[in-house]
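Below is a short briefing on a single protein chain. Please look over the sequence and the model before reading the notes.

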Amino acid sequence: MSFQRGETRKRATHMGQRDRIAKRVAVAATLVALSVAGIGCRQAAMAKQEELPKESYVRQAEQPFSPSDYVFKLNQMISFYDVPGEFGHAMEGAQYGFESLSFIITETQPGGGPPLHVHESEEAHVLLEGTATYVLGDKKFTVEGPYVVKIPAGVPHTFVNAGTQPLRLIGVLPEDHIHYKELGPNPLVKKR
């Protein structure tokens, strides 16, 4: 009898490990797909620096989608722009059938970046190439891609594109909604 319980535990543990591995593989595949999809942000950001929008905005998805879909295109996501020079798309997981993942995909022009803000959950920034300067709580640092930046829950943060080319970044949040609280202007952005 104890042998069966032990075997059942082993199988349950093995299945749990398989489920965790499968979830990690799915996340990795999603990140690769989103990095390729991030090219779509380029279309919105092709405007020259002097032609960038003067005001921030948020727009609803242009095309319909279903949470049962396996592929989501950028025009099926909320689009946004933050002054100066950050175009992006947000994908709140619950609307797209994810139980505990949300994504933010951005293309940030040189010298641009989001406002200082905070999230209720931790966040990871994934950048394959480019250079960014971060403010993360009381820390300030510059990093060159490829990199992953770990942002703890509740820590005020922002970044600025410190390079000369557009920076394409994917933010990954382990929750089905994006909780975002803007705290003020980006302290790294130079006044014009």
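This is a predicted model: local features need pLDDT of at least 70, side-chain atom pairs count only at pLDDT 80 or more; totals for chains, interfaces and linings use all residues.

Residues are numbered from 1 along each chain as its sequence is written, and side-chain values use heavy atoms, with hydrogens and water left out.

The protein chain has two helices and twelve strands; helices (H or I, at least four residues) and strands (E, at least two) are DSSP runs, numbered from the N terminus. Of the 192 residues, 40% are buried, where buried means under 20% relative accessible area, exposed means over 50%, and partly exposed lies in between (1.4 Å probe, protein chains only).

**Strand order and pairing**

- In sequence order the elements read α-α-β-β-β-β-β-β-β-β-β-β-β-β.
- Strands are taken as paired if DSSP finds at least two bridges between them.
- β3 and β4 run antiparallel and are joined by six bridges; Met91 has Phe103 in β4 as its bridge partner.
- β4 is also joined to β11, by seven bridges and in the antiparallel sense, with Ile104 bridged to Gly171 in β11.
- Five bridges join β6 to β9, again antiparallel, and Val126 stands opposite Val148 in β9.

**Burial along two strands**

- In a regular strand the side chains alternate between the two faces of the sheet.
- In β4, seven of seven residues are buried. Ser102, Ile104, Thr106 and Thr108 point one way, Phe103, Ile105 and Glu107 point the other way, and all are buried.

- β2 supplies the largest share of the lining, four residues.
- By residue class the lining has twelve nonpolar, six polar and four charged members. Ala, Val, Leu, Ile, Met, Phe, Trp, Tyr, Cys and Pro count as nonpolar, Asp, Glu, Lys and Arg as charged, and the others, Gly among them, as polar.

**Aromatic and charge contacts**

- The whole structure holds nine aromatic pairs. Rings of Phe, Tyr and Trp (its six-membered ring) pair if their centres lie within 6.5 Å; planes under 30 degrees apart count as stacked, over 60 as edge-to-face and the rest as tilted.
- Phe65 and Tyr96 are stacked, at 4.1 Å centre to centre and 10 degrees between the planes. Phe65 is in the loop between β1 and β2 and Tyr96 in the loop between β3 and β4, so the pair ties together parts 31 residues apart in sequence.
- Phe65 is partly exposed at 27% relative accessibility, while Tyr96 is buried at 3%.
- The ring centres of Tyr134 and Tyr147 are 6.2 Å apart and the planes are at 80 degrees, so this pair is edge-to-face. Tyr134 is in β7 (131–136) and Tyr147 in β9 (147–151), 13 residues apart.
- Tyr134 has 0% relative accessibility and Tyr147 has 8%; Tyr134, Phe141, Tyr147 and Phe159 form one aromatic cluster.
- The charged end of Arg59 sits over the ring of Tyr57, 3.7 Å from its centre; the test is NZ of Lys or CZ of Arg within 6 Å of the ring centre and within 35 degrees of the ring normal.

**Loops and cis peptides**

- Asp69, in the loop between β1 and β2, is partly exposed at 31% relative accessible area. Asp69 and Tyr96 are 27 residues apart in sequence and 7.7 Å apart in space, C-alpha to C-alpha.
- Val83 and Pro84 are joined by a cis peptide bond with omega about 0 degrees; Pro84 lies in the loop between β2 and β3.
- The bond from Gly145 to Pro146 is also cis, with omega near 10 degrees, and Pro146 is in the loop between β8 (139–144) and β9.
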